[in-house]
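Welcome! Please take a moment with the sequence and the model below, and then we can walk through them together.

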Amino acid sequence: MKKIKNKVALIFGVTGQDGSFLAELLLDKGYEVHGVIRRASTFNTSRINHIYEDPHTTDKRFFLHYGDLADANTIRKLLYMIMPDEIYNLGAQSHVRVSFDIPEYTANVTGVGALRVLEAAKDYEEHMKRKVKFYQASSSEMFGATPPPQNETSSFYPRSPYAAAKLFAYNMTRNYREAYGMFAVNGILFNHESERRGETFVTRKITRAVARIKVGKEKKLFLGNLDAKRDWGYAPEYMEAAWRMLQTDRPDDYVIGTGESHSVREFVAEAFRVAGLGNWKKYVGFDSRYLRPTEVESLIADTRKAKKKLGWKAKVTFPELVRIMVEADCREEGILNLE
Ligand code: NAP
Ligand code: GDD
């Protein structure tokens with residue numbers, strides 16, 4: 001891979017699934033990478049521990065800083081201190097179901113948080129006479145009730161406080177681009193998963209349960225709506241797309257997905273099949289706690305623009321993704337071979 005020397009990136013949400021893959025990708029490309037972490041009473045760096053270096057080593061290229069999307073002062077201070085070329089805002093209260101329980105907090109962090117970063121970046125550009133590129137982690141969830149396939153020109157119809165907050169951040173990103181000429185882009189990413197996916201999102205909840213059932217630690221998996229359809233891809237590939245968006249000549253917004261969709265039921269069936277557990281119906285129960293007051297029924301990405309302009313296309317298929325995740329969770333439980 002061609003190394004890009006002297007570029008500095010700042011990642012909000014570096015401890016999350018995507019943040020960890022993006023940090024790896026940028027370090028691989030030769031960037032100096034700065035990540036913002038929240039102070040927590042427990043360790044929250046498990047996804048990035050493997051790339052974190054001893055602070056005492058020389059030629060260190062990965063740095064962590066305390067900060068929070070709710071804290072505009074610190075965001076501003078970090079920008080002036082780090083002087084990034086590229087900012088990736090991946091930070092969010094990212095759980096759709098939870099956003100119905102904590103809507104105000106979600107709006108503050110997931111919505112206004114992006115505005116805080118944009119405002120700090122604008123101020124930084126004006127005062128430092130430097131340009132900085134900004135990536136906003138927008139979401140297919142913003143399409144909500146708009147029928148599939150969805151692309152950059154589809155209308156938005158948010159169905160959750162999370163989606164409404166993301167739509168605010170999306171619009172702010174566009175507005176800063178148009179009003180102030182900033183290089184600000186929205187990556188409208190459809191669901192993407194991995195072995196590092198948070199344990200309460202449905203795919204990981206399923207693959208973890210499958211592994212634990214396989215070793216006899218659990219007997220049953222309780223889920224909500226099995227009919228919802230999602231366009232599920234593999235997270236590392238999606239971070240490559242995010243990076244490519246910031247390497248174009250003109251800032252724009254892009255839909256990223258596989259173009260294929262599967263129901264939660266199909267994911268469950270495939271995961272139990274891969275683990276060799278037989279009929280999934282024996283193990284899966286229904287719990288209304290996991291239903292949402294308003295649901296997004298079907299998401300399928302139309303990614304023609306990303307293919308044409310970014311030369312990006314998803315490679316990992318649905319069965320491959322399920323296998324990657326089931327095998328990783330089985331390894332965690334000590335099962336090294338599923339054949
Ligand atoms: P994730 O695993 O939930 O990671 C979210 C990150 O945001 C974590 O690093 C989290 O820190 C951080 N965060 C939460 N609240 C914060 C705050 N107040 N201040 C600063 N940071 C905060 O999410 P992900 O799956 O990696 O997704 C990355 C981004 O893409 C999110 O914005 C998400 O909404 C968006 N997105 C995701 C998908 C998807 O399918 N994965 C699709 C479309 C869009 P802690 O580790 O301390 O909690
Ligand atoms: N989490 C969860 N838990 N979801 C369940 C369950 C369950 O027990 N049972 C059924 N589901 C259904 C949900 O109702 C939803 O229709 C689907 O599974 C996917 O749910 P999640 O995995 O929680 O993801 P999401 O689609 O709501 O949101 C994710 O994707 C968005 C992009 O479209 C998140 O990563 C968001 O941050 C992201 O923006």
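## Before we start

This is a predicted model, in which local features need pLDDT of at least 70 and side-chain atom pairs count only at pLDDT 80 or more, while totals for chains, interfaces and linings use all residues. Residues are numbered from 1 along each chain as its sequence is written, chains are lettered from A and ligands numbered from 1 in the order in which they are written, and side-chain values use heavy atoms, leaving out hydrogens and water.

## The sheet

Helices (H or I, at least four residues) and strands (E, at least two) are DSSP runs, numbered from the N terminus, and two strands pair if DSSP finds at least two bridges between them.

Strand E4 (residues 86-89) and E5 run parallel and are joined by four bridges. Here Glu86 stands opposite Lys133 in E5.

## Helices on the sheet

## Around ligand 1

Which residues are closest to ligand 1? They are Thr15, Arg38, Asp68, Ser94 and Tyr162, out of 26 residues that surround ligand 1; a residue is near a molecule if one of its heavy atoms lies within 4 Å of it. The shell divides into ten nonpolar, eleven polar and five charged residues. In this grouping Ala, Val, Leu, Ile, Met, Phe, Trp, Tyr, Cys and Pro are nonpolar, Asp, Glu, Lys and Arg are charged, and the others, Gly among them, are polar. E5 gives the largest share of this shell, three residues.

The backbone takes part too: an oxygen atom of ligand 1 is 3.1 Å from a polar backbone atom of Gln17, and a backbone N or O atom of His192 lies 2.9 Å from an oxygen atom of ligand 1. Taken alone, ligand 1 exposes 900 Å², and the protein buries 90% of that; accessible areas come from the Shrake-Rupley method with a 1.4 Å probe, and for residues only the protein chains shown count as cover.

## Around ligand 2

Ligand 2 has 23 residues around it, and Ser139, Ser140, Tyr162, Arg292 and Glu295 come nearest. Its shell holds nine nonpolar, eight polar and six charged residues.

A backbone N or O atom of Ser94 lies 2.7 Å from an oxygen atom of ligand 2, while a nitrogen atom of ligand 2 is 2.8 Å from a polar backbone atom of Gly224. Ligand 2 taken alone exposes 710 Å², of which the protein buries 96%.

## Two backbone details

Most residues other than glycine have a negative phi, and most peptide bonds are trans. The peptide bond from Pro148 to Pro149 is cis, with omega near -5°, and Pro149 sits in the loop between E5 and H5. Met83, in the loop between H2 and E4, has a positive phi of about 50° although it is not a glycine.

Terms used:
Polar contact = N/O pair within 3.5 Å; in protein donor to acceptor, adjacent residues only side chain to side chain.
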